[in-house]
Amino acid sequence: MTTESSYIEVAIALPVFGTYVYSIPKDLSPLVSTGKRVLVPFGCSRVTGYILGESNKNDQKEIKTILDILDEEPLFSSCMIPFFRWTADYYLHPIGDVIKCALPGGLNIYDFSIMTLTKKGEAAIFENSLTPLKSEVLNVLKEGPCRLKEVCKKLQRKIPNALIHGMQRDGLVEHKRMFKGGITKPKIERHVSLVGSGIPMTGLSGSRKKIIETIEGKGEVSVKKIKTLVPSASKIITHLEAEGYISIINKQIYRDPFGEPINSDTPHRLTEEQHHVVSKLKASLGGEFSAYLLSGVTGSGKTEVYMQLAATAIKAGFSVLVLVPEIALISQMERRFRARFGDRVAILHSGLSAGERYDQWIRIARREVAVAIGARSAVFAPLTNIGIIIVDEEHDTSYKQDSRLRYNARDLAVVRAKLQDALVLLGSATPSIQSYYNVRTKKFKELTLTKRVEKRSLPEITVVDLRQSRDVRGSRRFITPQLHEAMETTLGRGEQVLLFLNRRGFASYAVCSVCGEAIRCKNCDISLTLHQKANAYKCHYCGFTRASASSCTHCGSSRISLLGLGTEKIEATAKILFPHANVQRMDRDTTRRMGSMVKILKGLRNQTIDILVGTQMVAKGHDFPNITLVGIICADLSLNFPDFRAGERTFQLLAQVAGRAGRGAVPGRVILQTYNPDHFSIISATEQDFQSFYNAEIGFRKNLIYPPFSRMVQIKISGKNKEKTRHHAQFVGDLCNEIIRTHRTLSTSVEILGPIEAPLFKIAKQYRWQILLKGLKVKPLHQFLRNLWLENLSKINRRDVQVVLDVDPIFMM
Ligand code: ADP
Ligand code: ZN
Ligand code: ZN
């Protein structure tokens with residue numbers, strides 16, 4: 001945006017709907033551009049806003065003037081704005097907060113910019129050609145680099161950022177943004193190469209000679225490498241550079257999550273199936289929206305498809321966005337994309353520090369990279385000219401954000417592709433019912449990979465009926481003889497075992513044997529889980545802990561029986577049954593720190609771990625060729641959830657876990673233990689048969705008019721005071737009914753269920769209620785929401801009871 005116009009449209013980072021018009025003072029006008037942040041007066045305070053573009057509408061009653069421009073360069077380009085507007089509209093969320101959620105965190109840290117005087121600035125002090133304020137600033141900086149805040153203090157007045165930016169632009173000062181928590185520096189290695197035609201070798205010392213020869217042989221070598229050959233190389237290299245024989249350059253080194261350098265790789269020769277898929281996708285690439293679902297069994301080489309497609313897109317001048325479920329997977333995807341595309345890749349995820357995230361973001365905004373890879377929030381990455389958006393493991397529920405802006409990144413990826421005329425590719429071995437329904441209704445086109453690469457077979461699955469060991473005591477109840485025997489054989493061959501149970505802790509129910517009361521959380525309506533290692537009972541919802549020696553709060557008895565399994569118990573049992581094996585556990589308790597997760601993955605890769613016990617974390621996309629046995633301890637845990645997606649989750653989880661077996665040259669085996677061997681989710685998972693699962697599940701959804709046959713919105717009402725919360729829930733429910741009564745057309749298309757108490761009625765001292773809205777079509781449902789939300793906002797929002805909307809909810813407990 002060049003600004004002839006003197007008005008701009010600004011989205012305010014506050015919970016207000018709609019945008020505002022502001023005018024621009026003359027001196028700031030050259031600095032205005034879409035995607036920069038501004039400081040604006042709003043009510044009686046000053047707030048951050050985002051420039052959405054110029055505006056000529058001045059029907060707004062009072063137009064205020066912006067105070068300052070906060071960014072040197074835009075944080076996003078104008079092509080993002082329709083996408084932000086769509087998101088705000090669909091999720092009924094203030095647009096300013098949508099943008100705030102989209103941008104990398106930790107941006108509001110302007111005080112941390114350090115300024116230094118340049119040579120030109122120094123000269124300018126004497127030339128007397130500057131405004132008094134500029135001269136004053138330069139005079140302060142003459143005494144040494146300093147923060148903007150300190151300059152303000154010394155001059156006893158506020159200095160607009162825009163002034164500093166202007167001075168920076170004129171080359172008078174240098175201005176570097178610093179971050180709280182320190183800057184993390186990229187890993188840099190020094191490399192050397194020869195300059196000109198070389199050095200006369202006569203009369204050189206042995207060390208010098210060796211260094212020169214090494215460089216000559218390789219063209220360019222890292223100093224680190226030379227030092228392994230000539231320990232005293234540092235000094236000599238400095239001399240050689242000073243004498244003009246060699247040049248030293250700094251190169252950024254990319255490392256994989258294991259801390260090892262990533263070697264570049266070359267594309268695989270595609271299998272026939274892969275080739276077919278890639279050529280179909282290539283044909284759809286280029287300036288037009290299209291949506292594909294790639295269902296490919298585990299290990300069928302989906303990532304290779306993504307990379308070859310990406311390469312084609314990049315060649316054609318497009319950028320590529322890749323979404324991945326969570327940190328561990330990002331690092332795998334990152335590793336593989338880096339190996340192929342080097343530093344043309346930017347990474348965005350929560351594992352980065354604020355400074356790193358900001359740097360990555362800016363690299364994308366400046367178009368310095370062609371590929372951005374990240375977790376759900378990367379759907380907002382400021383790429384321009386997007387050719388493809390890839391959503392790997394599209395079924396994964398971690399694409400759903402469950403706080404503030406409650407969006408689903410998978411759904412937004414499709415929307416973004418549509419708005420920006422791109423191709424969107426959703427990939428999974430276990431597609432979501434939603435996406436497959438979109439295939440059946442021709443919204444998406446289907447592509448399939450039915451075989452694993454290199455003729456590796458899918459694992460053979462044996463079902464063990466746990467009902468038969470109901471009366472067995474001890475560990476044989478859950479590590480059945482079949483599983484035990486298979487583990488023995490596998491370990492005997494030097495291969496690895498994965499044991500899966502989707503519950504943490506040692507015992508999930510602790511019950512008083514005298515009065516029968518469960519040991520419950522103080523803050524939640526939930527029983528506590530015993531964690532043996534931590535020596536405590538813990539609440540999995542609010543973190544409350546009680547000493548494990550506690551007695552019954554009800555009758556005081558100390559006779560507590562422990563029921564229900566968790567991963568901690570499986571780990572302990574495996575250690576007893578296989579004393580020579582190295583048993584490790586991967587769940588939220590053992591991977592709180594990023595480093596510990598990496599350590600476990602490394603142990604798996606280096607085969608120092610023999611048995612890995614884990615929760616759903618182990619189900620996700622990992623590729624470990626030496627795992628040849630997967631034991632599913634109890635397949636039924638997720639089946640009994642009061643949630644209409646329980647069957648879908650169970651199928652996905654089981655099929656994914658089973659898919660971890662036999663990814664290398666040796667075929668894999670799965671022992672699946674269950675109390676429900678006849679349940680269709682479990683049968684289709686054991687047969688790895690998505691089609692038959694879909695056919696059964698879709699019938700059930702249709703009968704009960706659940707998504708994808710309807711759309712849902714959940715109104716979540718919570719508060720500390722039990723009565724007030726119930727009362728307000730009732731009030732919001734009455735409002736809903738009132739809207740239906742007064743808008744006849746909505747009454748046939750929107751159904752109101754509730755208000756009812758949430759299944760988890762009390763979490764972290766908050767009482768919880770919910771109202772479920774169900775609509776056969778999106779439009780009337782959204783009309784209803786706008787009526788409810790926008791027109792009654794002041795009545796709905798209360799200080800003591802919180803009400804939030806969750807459009808397309810996934811976690812409904
Ligand atoms: P998926 O993502 O479908 O589970 P991956 O992309 O992880 O499968 O592929 C599984 C393994 O097969 C990887 O180690 C990958 O490098 C390898 N691979 C993929 N495509 C080919 C191919 N065309 N030829 C040989 N190996 C391949
Ligand atoms: Zn008791
Ligand atoms: Zn709790």
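Student: What spacing do the donor residues of the zinc ion (ligand 3) follow in sequence?

Tutor: In this predicted model, the protein donors of the zinc ion (ligand 3) are the SG atoms of Cys521, Cys524, Cys539 and Cys542, which lie 2.2 to 2.4 Å from the ion. Cys524 sits in the loop between strand S22 (507-512) and strand S23 (529-531), whereas Cys539 sits in the loop between strand S24 (536-538) and strand S25 (545-547), so that this pair, 15 residues apart, links distant parts of the chain. Written along the sequence, the spacing of the donor residues is C-x2-C-x14-C-x2-C.

Student: Are Cys524 and Cys539 buried or exposed?

Tutor: A residue counts as buried when its relative accessible area is under 20%. Cys524 has a relative accessible area of 4% and therefore falls in that class. With a value of 5%, Cys539 is likewise buried.

Student: What arrangement do the four donor atoms make around the zinc ion (ligand 2)?

Tutor: The protein donors of the zinc ion (ligand 2) are Cys512, Cys515, Cys552 and Cys555, each through SG, at 2.2 to 2.4 Å, and along the chain they follow the spacing C-x2-C-x36-C-x2-C. Four donors count as tetrahedral if all angles lie between 85 and 135 degrees. Because the angles subtended around the zinc ion (ligand 2) are 102 to 114°, the arrangement is tetrahedral.

Student: How are helices H3 and H4 oriented to each other?

Tutor: Helix H3 (residues 119-127) and helix H4 (residues 132-142) pack with their axes 10 Å apart and at an angle of about 125°. The contact is formed by Gly121, Ala124 and Ile125 on H3 together with Leu138, Asn139 and Lys142 on H4, and H3 passes H4 in a left-handed crossing. Angles over 145 degrees count as roughly antiparallel and those from 65 to 115 as roughly perpendicular, so the orientation of H3 and H4 is oblique.

Student: Which residues of H6 does H4 meet?

Tutor: H4 also packs against helix H6 (residues 161-169), at an angle of about 75° and with the axes 11 Å apart, which makes H4 roughly perpendicular to H6. On the side of H4, the residues taking part are Leu133, Lys134, Val137 and Leu138. Their partners in H6 are Leu163, Ile164 and Met167.

Student: Is H19 roughly parallel or roughly antiparallel to H21?

Tutor: Helix H19 (residues 646-658) packs on helix H21 (residues 690-703) with the axes 10 Å apart and an angle of about 170° between them. That angle is why H19 is described, relative to H21, as roughly antiparallel.

Student: Which residues of helix H2 are buried?

Tutor: Helix H2 (residues 95-102) is mostly covered, since six of its eight residues are buried. The elements that cover the buried residues include strand S1 (7-12), strand S4 (45-54), H1 and helix H13 (354-365). The buried residues of H2 are Ile95, Gly96, Asp97, Val98, Ile99 and Ala102.

Student: Which residues is Ser295 in contact with, leaving aside its neighbours within four places in sequence?

Tutor: Ser295 lies in strand S13 (residues 290-296) and, at 12% relative accessibility, counts as buried. Leaving aside those neighbours, the contacts of Ser295 are Ser428, Pro431, Glu446, Leu447, Thr448 and Leu449.

Student: Where is Pro755 placed?

Tutor: The peptide bond from Gly754 to Pro755 is cis, with omega near 10°. Pro755 itself belongs to strand S32 (residues 750-763).

Student: What is the phi of Arg367 near?

Tutor: Arg367 is found in the loop between H13 and strand S16 (371-374), and at 59% relative accessibility it counts as exposed. Its phi is positive in a residue other than glycine, with a value near 65°.

Technical notes: Residues numbered from 1 in each chain as written. Chains lettered and ligands numbered in written order. Predicted model: local features only at pLDDT ≥ 70, side-chain atom pairs only at ≥ 80, totals over all residues. Heavy atoms only, no water. Donors = N, O, S within 2.8 Å, 3.2 Å for Na, K, Ca; no water. Tetrahedral: all angles 85-135°; square planar, octahedral: opposite > 155°, others 65-115°. Axes fitted to C-alpha atoms, helices over the stretch in contact; angles between N-to-C directions. Helix = DSSP H or I, 4+ residues; strand = E, 2+ residues; numbered from the N terminus. Parallel < 35°, antiparallel > 145°, perpendicular 65-115°, else oblique. Left-handed = near helix turned anticlockwise from the far one by under 90°. Contact = heavy atoms within 4.5 Å. Buried < 20%, exposed > 50% of the residue type's maximum accessible area, 1.4 Å probe, protein only.
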